[in-house]
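I opened this entry to keep a record of what I looked up, beginning with the pocket and ending with the chain as a whole.

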Amino acid sequence: MADRNNRKSRIGVVMSDKADKTVVVSVRRQLVHPMYKKIVRQSKKYYAHDEKNDCHTGDTVRIAETRPLSKTKRWRVVEVVERAK
């Protein structure tokens, strides 16, 4: 049971909120290229469950791992960190 509460979380920007109770969150990260030593930016899309349809495009949100909710949804929205302007 100790493992259950140790879930991954990410902070990203909502790219799409067109689906019902689902948002697409883009999470960006930076890493140093092993050979060229240049900082490389990578992004990945996560499908997250938004129970209240509270998030909108441009919002910064925190998402956390959860059980599989559908074929693609494995994350849920924990909180809205910052609203889009």
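By class, how many nonpolar, polar and charged residues does the lining of the largest pocket have? I noted first that I am working from a predicted model, and then I found 4 nonpolar, 1 polar and 6 charged residues in that lining.

I looked up the volume of this largest pocket, which comes to about 180 Å³. The residues that line the pocket are His-49, Asp-50, Glu-51, Lys-52, Asp-54, Cys-55, Arg-76, Val-77, Val-78, Glu-79 and Val-80.

I then turned to Asp-50, one of the lining residues, and placed it in the loop between β3 (39-49) and β4 (60-65). Asp-50 is buried and yet has no salt bridge; I saw that the nearest side chain of opposite charge belongs to Arg-83, 7.6 Å away, whereas a salt bridge would need a side-chain nitrogen within 4 Å of a carboxyl oxygen. Leaving out residues up to four places away in sequence, I listed Lys-21, Thr-22, Val-23, Cys-55 and Val-77 as the residues that Asp-50 touches.

Last, I looked at the whole chain, which has 0 helices and 5 strands, and whose C-alpha atoms fill a box of roughly 45 × 40 × 25 Å along the principal axes. Of its 85 residues, 24% are buried. I also noted that, among contacts between residues at least 6 apart in sequence, 48% join residues at least 24 apart.

Terms used: Residues numbered from 1 in each chain as written. Predicted model: local features only at pLDDT ≥ 70, side-chain atom pairs only at ≥ 80, totals over all residues. Heavy atoms only, no water. 1 Å grid on protein atoms, 1.4 Å probe; cavity = no way out; pocket = protein on both sides within 12 Å on 5 of 7 lines; lining within 4 Å. Points joined across faces, edges and corners; volume = space filled by probe spheres on them. Nonpolar A, V, L, I, M, F, W, Y, C, P; charged D, E, K, R; others polar. Helix = DSSP H or I, 4+ residues; strand = E, 2+ residues; numbered from the N terminus. Buried < 20%, exposed > 50% of the residue type's maximum accessible area, 1.4 Å probe, protein only. Lys, Arg positive; Asp, Glu negative; His and termini not counted. Contact = heavy atoms within 4.5 Å.
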